[in-house]
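These are my notebook entries on a structure that I have just opened. I record what I looked up, entry by entry.

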Amino acid sequence: MQELFPLSCGLLLGALLGLLRPSIRAPVGAAAAVMLGVLATVVSGEFRVSWEFLLFDIPLVAVSAFLGLITARRVRSGRGRTPAR
């Protein structure tokens, strides 16, 4: 249940990254993934056990952001198409 926050943050981040210029997508995405990963560790209280949870939360946010970006691009590209007959 604690991993829902980083997953949902990553998916939302990926959807928002699709609105940015491609040249700044990677740096903004990397910085946001680190910040959201740290936030996820703090919000869940895992930092009280060990800060090593960052090594799991940051990549989790980054991977889910990538999946969110791919999904958002496919949804947007599918809207303009007309169904084939």
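**Entry 1: Val 42**

I looked up Val 42 and, setting aside neighbours within four places in sequence, found it in contact (heavy atoms within 4.5 Å) with Phe 47 and Trp 51. Val 42 belongs to helix H2; helices are DSSP runs (H or I, at least four residues) numbered from the N terminus. Val 42 counts as partly exposed because its relative accessibility is 36%, the class between buried (under 20%) and exposed (over 50%), with a 1.4 Å probe and protein chains only.

**Basis of the entries**

I note that the model is predicted: local features need pLDDT of at least 70, side-chain atom pairs count only at pLDDT 80 or more, and totals for chains, interfaces and linings use all residues. Residues are numbered from 1 along each chain as its sequence is written, and side-chain values use heavy atoms, with hydrogens and water left out.

**Entry 2: Arg 25**

I next looked up Arg 25, which lies in helix H2 (residues 22-44). Which side chain of opposite charge is nearest to Arg 25? I found Asp 57, 24 Å away. Arg 25 is buried and has no salt bridge (a side-chain nitrogen of Lys or Arg within 4 Å of a carboxyl oxygen of Asp or Glu). Its side chain reaches the backbone oxygen of Leu 17 at 3.0 Å. Leaving out residues up to four places away in sequence, Arg 25 touches Leu 17, Gly 18, Leu 20 and Leu 69.

**Entry 3: Leu 11**

I placed Leu 11 in helix H1 (residues 4-17). Leu 11 counts as partly exposed because its relative accessibility is 44%.

Technical notes:
Helices (H or I, at least four residues) and strands (E, at least two) are DSSP runs, numbered from the N terminus. Lys and Arg count as positive and Asp and Glu as negative; His and the chain ends are not counted. A polar contact is a pair of N or O atoms within 3.5 Å; within protein, one must be able to donate a hydrogen and the other to accept it, and residues adjacent in sequence count only if both atoms are side-chain atoms.
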